[in-house]
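Reader: I am new to this structure and would like to know how its descriptions are reached. Please set each value against its cut-off.

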Amino acid sequence: MAKRSQAQIPTEISPNPSISPKIPFRPRKILKLSNNPTTKPLTSSSSALPKTLNPLTSQSEINLALQHLRSSDPNLMALIDSYSPPSSFDSGRPFLSLARSILYQQLATKAAQSIYTRFISLCGGEESVVADVVSSLSAQQLRNIGVSGRKASYLHDLAEKYSDGTLSDSSILEMDDEALLTMLTVVKGIGAWSVHMFMIFSLRRPDVLPVGDLGVRKGVQLLYGLKELPKPLEMEQLCEKWRPYRSVGSWYMWRYMEAKGVL
């Protein structure tokens, strides 16, 4: 990969989609997909869905998602039968994940990993990547390890939002998706796409649809045989049947694009 962009395929269990995948992906024989987006789904399994959705931190939760997606969307069922499922996920500290997400923005994987390693060392280890420590780092110290002046300001703004109580790891874990999008985009350098990736790959939220992600949009376009890339509203309408597991449906769009060699 050259530069990281919204077209890249998130596969890693972290806010940075560019690192080597921890989710196993072994393509199998690809089944023929229907190109009719209005195809009626099989009998819905909504009655079997849990009343309270849990993060995708166990294989049992992922199995529930796959069961629902199979029954709700015949086209997606064909992909589920074609590709190995995601494995269970491990959660990470929100502040560390958000800082890492900022550091990886618009960088080639190798360069980003190198800067992140130096950043961790500068802080004194991953456990020391906390707001007070990041606030104490000068822009010059960060530039010395390869962090641009703009990203240094983003890191300091994130740390400030933690220090003044606007954000905290505990509050982030308790916020619903809408509140997270509102609160995290207050931080400089963090937009809607970054929040969606954070919710899927760091918080393991089960029902996130990144309508602005090019990989997911291309996947939906090919899955349903659309002439043009679907716009956000059309994405919402087409993927409504995936609720409440749109994160997993999106994951399969990335796998679909990866297998097609589109991205």
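Reader: Why is serine 194 called buried?

Author: The model is a predicted one, and its values are computed from that model. Serine 194 has a relative accessible area of 13%. Buried means under 20%, so serine 194 counts as buried. Serine 194 is part of helix 10, residues 192-201. Leaving out residues up to four places away in sequence, serine 194 touches Ser101 and Gln105.

Reader: What makes glutamate 127 exposed?

Author: The relative accessibility of glutamate 127 is 68%. The cut-off for exposed is over 50%, so the word applies to glutamate 127. Glutamate 127 sits in the loop between helix 4 (109-123) and helix 5 (131-136). Its C-alpha atom is separated by 9.4 Å from that of arginine 93, a residue 34 positions apart from glutamate 127 along the chain.

Reader: How many helices and strands does the protein have?

Author: There are 13 helices and 0 strands. The pattern along the sequence is α-α-α-α-α-α-α-α-α-α-α-α-α.

Reader: What share of the protein is buried?

Author: Of the 263 residues, 48% are buried. The protein exposes about 12000 Å², and 53% of that area comes from carbon and sulfur atoms. Among contacts with a separation of 6 or more, 70% are between residues 24 or more positions apart.

Reader: How do you know that the span of helix 1 is close to what is expected?

Author: Helix 1 covers residues 59-72 and has 14 residues. The expected span is 1.5 Å times one less than the number of residues, and for helix 1 this is given as 20 Å. From first C-alpha to last, helix 1 reaches 20 Å. The buried residues of helix 1 include Glu61, Ile62, Leu66 and His68. Helix 2 (74-82) and helix 13 (246-260) are what the buried residues of helix 1 pack against.

Reader: Why is the pair of phenylalanine 95 and tyrosine 162 called edge-to-face?

Author: The count of aromatic pairs in the model comes to 4. In the pair of phenylalanine 95 and tyrosine 162, the ring centres are 4.7 Å apart and the planes stand at 75°. Centres within 6.5 Å make a pair, and planes over 60 degrees apart count as edge-to-face, so both parts of the description hold for phenylalanine 95 and tyrosine 162. This pair links distant parts of the chain: phenylalanine 95 belongs to helix 3 (residues 94-104) and tyrosine 162 to helix 7 (residues 149-163), 67 residues apart.

Reader: Are phenylalanine 95 and tyrosine 162 buried or exposed?

Author: Phenylalanine 95 has a relative accessible area of 2% and is buried. Tyrosine 162, at 14%, counts as buried too.

Reader: What kind of aromatic pair do tryptophan 251 and tyrosine 252 form?

Author: Tryptophan 251 and tyrosine 252 form an edge-to-face pair, with 5.0 Å from centre to centre and 85° between the planes. Tryptophan 251 is buried at 3% relative accessibility, and tyrosine 252 is buried at 0%.

Reader: What makes arginine 255 lie over the face of tryptophan 251?

Author: Arginine 255 is at 4.8 Å from the ring centre of tryptophan 251. The distance cut-off is within 6 Å, and the charge must also be within 35 degrees of the ring normal. Arginine 255 is listed as lying over that face.

Reader: Which residues touch the most other members of the largest nonpolar core?

Author: They are Phe119, Val220, Trp242 and Tyr252, in a core of 70 residues. Beyond its neighbours within four places in sequence, valine 220 is in contact with residues including Leu226, Pro230, Trp242 and Met253.

Reader: Why is arginine 204 called buried, and where does arginine 204 lie?

Author: The relative accessible area of arginine 204 is 1%. The limit for buried is under 20%, so arginine 204 is buried. Arginine 204 lies in the loop between helix 10 and helix 11 (214-223). Its phi is near 60°, a positive value in a residue other than glycine.

Reader: What makes glutamine 106 exposed?

Author: Glutamine 106 has a relative accessible area of 52%.

Key:
Residues numbered from 1 in each chain as written. Predicted model: local features only at pLDDT ≥ 70, side-chain atom pairs only at ≥ 80, totals over all residues. Heavy atoms only, no water. Helix = DSSP H or I, 4+ residues; strand = E, 2+ residues; numbered from the N terminus. Buried < 20%, exposed > 50% of the residue type's maximum accessible area, 1.4 Å probe, protein only. Contact = heavy atoms within 4.5 Å. Areas by Shrake-Rupley, 256 points an atom, 1.4 Å probe, with all protein chains shown as cover. Phe/Tyr/Trp six-rings, centres within 6.5 Å; stacked < 30°, edge-to-face > 60°. Core = buried A, V, L, I, M, F, W, Y, C linked by side-chain atoms within 4.5 Å.
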